[in-house]
Amino acid sequence: GQIRHPGSRKTFLDPANPEARWYVMRVIDEIVRNYDVDGIQLDYIRYPFQDPGAERTYGYGDAARQRFRELTGTDPLEISPRQVELWQRWTDFRVEQITSFVAEVDRHLASRDPDLILSVAVFPQSTHDRIHKIQQHWESWIENGSVDMVVPMTYAKDTNALERLVKPMLENVPVGVPIVPAVKLHGLPEIVAIDQMQLIRDRATNGYALFAAEMVDDRLYNILRRTQGAATNDPIPYRRPFKAASARFDALQGEWQAALATRGLWIDSEVLGEWQAAGLALSKA
C-alpha cells in the first residue's frame with residue numbers, strides 16, 4: 001500500500017501493469033531513436049527484495065491481482081507462503097512478468113536495429129534465492145535468447161569475497177552470452193580494485209564492468225590506460241567473439257613467456273613441453 005519501497009526508499013514500477021511496461025518501453029525507444037547508442041542496459045529488472053516471513057512481499061497492484069485471479073481464480077492478497085502450491089504459482093507469475101518484459105525489450109530493439117545490444121545488470125546470488133526474493137531468473141533470459149550480455153553485480157570489499165561470488169556463478173551459468181562481472185569502486189583502494197579486475201580477467205569471463213564511472217579518477221584512469229590495453233584496437237567479445245578469443249590467447253601466451261623468462265613461473269620441464277605443444281596446436285588451429 002505504499003508508493004515507495006520502505007527499505008530502500010526507491011520507487012518501483014509494477015512489471016505486471018501494462019501501462020508501466022508501456023512507459024518504460026517508450027523511454028527505451030526514445031533513447032534508441034534519438035541517440036547513437038550501442039545498446040541498452042536494464043538495471044533493477046526485478047521486484048524489490050522480499051521476506052515473506054516478515055510479511056514483506058510485493059506485486060499486489062490491481063493489474064497483477066486481476067490477471068492472477070483470471071489464471072487461478074484466487075486473489076494473491078488471500079494467499080500466504082503456507083499455501084505452498086498457490087504461493088509457488090504466485091511466485092512463478094511474478095517471475096514471468098520480469099522475464100516476458102526482458103523478451104519484449106529484446107524484440108523491440110531488434111525491430112529498431114538488429115545490432116543493438118541488450119545487457120542486464122543482475123544479482124549473482126543462487127537461482128533459488130533470486131526467484132523467491134526478487135523474482136529475477138536471468139538464466140532463463142540467456143536460454144530464451146533475450147539478452148546479449150549479462151553483467152552480474154559481483155560487488156565485494158576484497159578479492160577473496162569477489163572470487164566466492166564469481167566462481168559458482170561461472171560454473172552454473174548456461175553457455176550462450178558473454179558474462180561480465182562487475183567491480184564496485186566505491187570505497188575500494190586502487191590496489192584492491194586492480195586486483196579484482198585481474199581476478200575477473202583470469203577467469204572464464206568476457207572482461208569486467210566498473211561501477212561507477214564517477215569513481216574513475218585521473219589516477220585510476222591512467223593506471224587502466226597503461227595496463228588494460230588500447231580499447232580502440234581490442235576486438236569487442238560480443239561483436240567479434242572469435243577474434244576476441246584469439247587476441248586473448250595471444251596475450252596469455254605473451255604473459256606466459258614473460259613469466260617463464262623471468263623464472264616467475266616454475267613448471268616441470270616434461271609438463272612444460274606438453275603445455276607448449278598444446279599451445280602451438282591451438283595457435284595453428
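Glutamine 136 sits in the loop between α4 (127–133) and α5, and with a relative accessible area of 1% this glutamine is buried. This is a predicted model, so every value below is computed from predicted coordinates. The chain has 285 residues, and buried ones make up 36% of them. Its secondary structure comes to 10 helices and 5 strands.

**Around glutamine 136**

- The side chain of glutamine 136 reaches the backbone nitrogen of phenylalanine 123 at 3.0 Å.
- A polar atom of that glutamine 136 side chain also lies 3.3 Å from the backbone oxygen of isoleucine 45.
- Leaving aside neighbours within four places in sequence, glutamine 136 is in contact with several residues, including Arg46, Ala121, Val122, Arg130, Ile131 and Trp141.
- Glutamine 135 is in the loop between α4 and α5 as well, and at 0% relative accessibility glutamine 135 counts as buried.
- The phi of glutamine 135 is near 55 degrees, a positive value in a residue other than glycine.

**The nonpolar cores**

- As background, nonpolar side chains in soluble globular proteins tend to be buried together.
- Here the largest nonpolar core has 32 residues, and Leu42, Trp141 and Val150 are those with the most contacts inside it.
- At least two residues of this core come from each of α1, β1 (39–42), α2 (62–72), α3 (84–112), β2 (117–122) and α5 (138–143).
- Helix α3 supplies the largest share of this core, 8 residues.
- Which residues does leucine 42 touch, leaving aside its neighbours within four places in sequence? Leucine 42 is in contact with Ile28, Val102, Val105, Leu118, Ser119, Val120 and Ala121.
- There is also a second, separate core of 13 residues, and among them are Ala161, Met197, Leu199 and Leu220.

**Salt bridges**

- Side chains of opposite charge can pair when their charged atoms come close.
- In this chain the count comes to 10 salt bridges.
- One of them joins the side chains of glutamate 104 and arginine 21, at 3.1 Å from N to O.
- Because glutamate 104 lies in helix α3 and arginine 21 in helix α1, this pair ties together parts that are 83 residues apart in sequence.
- Glutamate 104 is partly exposed at 27% relative accessibility, whereas arginine 21 is buried, with a relative accessible area of 12%.
- Another salt bridge brings together the side chains of arginine 65 and aspartate 75 (2.6 Å, N to O).
- Arginine 65 belongs to helix α2 and aspartate 75 to the loop between α2 and α3, so the parts tied together here are 10 residues apart in sequence.
- Aspartate 75 counts as buried, with 9% relative accessibility.
- Arginine 203 and glutamate 163 form a salt bridge too, with their closest N and O atoms 2.5 Å apart.
- Since arginine 203 is in the loop between α7 (190–202) and β5 (209–211) and glutamate 163 is in helix α6 (residues 159–172), the pair ties together parts 40 residues apart in sequence.
- Arginine 203 is partly exposed at 30% relative accessibility, and glutamate 163 is partly exposed with a relative accessible area of 26%.
- Asp29, Arg33 and Arg112 are linked in a network of salt bridges.

**The surface and the whole chain**

- Leu13, Trp22, Tyr23, Val27, Ile31 and Tyr35 make a nonpolar surface patch of about 640 Å².
- Tryptophan 22, found in helix α1 (residues 18–34), is exposed, with a relative accessible area of 55%.
- The chain exposes about 17,200 Å², and carbon and sulfur atoms supply 52% of that area.
- Along its principal axes, the C-alpha trace spans about 70 × 45 × 40 Å.
- Of the contacts with a separation of 6 or more, 68% are between residues 24 or more positions apart.

**Backbone details to look at**

- Most residues other than glycine have a negative phi, and most peptide bonds are trans.
- Where does tyrosine 44 have its place? Tyrosine 44 is in the loop between β1 and α2, and its phi is near 50 degrees, a positive value.
- At 39% relative accessibility, tyrosine 44 counts as partly exposed.
- The peptide bond from phenylalanine 211 to alanine 212 is cis, with omega near 5 degrees.
- Alanine 212 is placed in the loop between β5 and α8 (218–227).

Technical notes:
Residues numbered from 1 in each chain as written. Predicted model: local features only at pLDDT ≥ 70, side-chain atom pairs only at ≥ 80, totals over all residues. Heavy atoms only, no water. Patch = residues over 30% accessible without salt bridge, like charges linked within 9 Å, V, L, I, M, F, W, Y side chains within 5 Å. Areas by Shrake-Rupley, 256 points an atom, 1.4 Å probe, with all protein chains shown as cover. Salt bridge = Lys/Arg side-chain N within 4 Å of Asp/Glu carboxyl O. Helix = DSSP H or I, 4+ residues; strand = E, 2+ residues; numbered from the N terminus. Buried < 20%, exposed > 50% of the residue type's maximum accessible area, 1.4 Å probe, protein only. Core = buried A, V, L, I, M, F, W, Y, C linked by side-chain atoms within 4.5 Å. Contact = heavy atoms within 4.5 Å. Polar contact = N/O pair within 3.5 Å; in protein donor to acceptor, adjacent residues only side chain to side chain.
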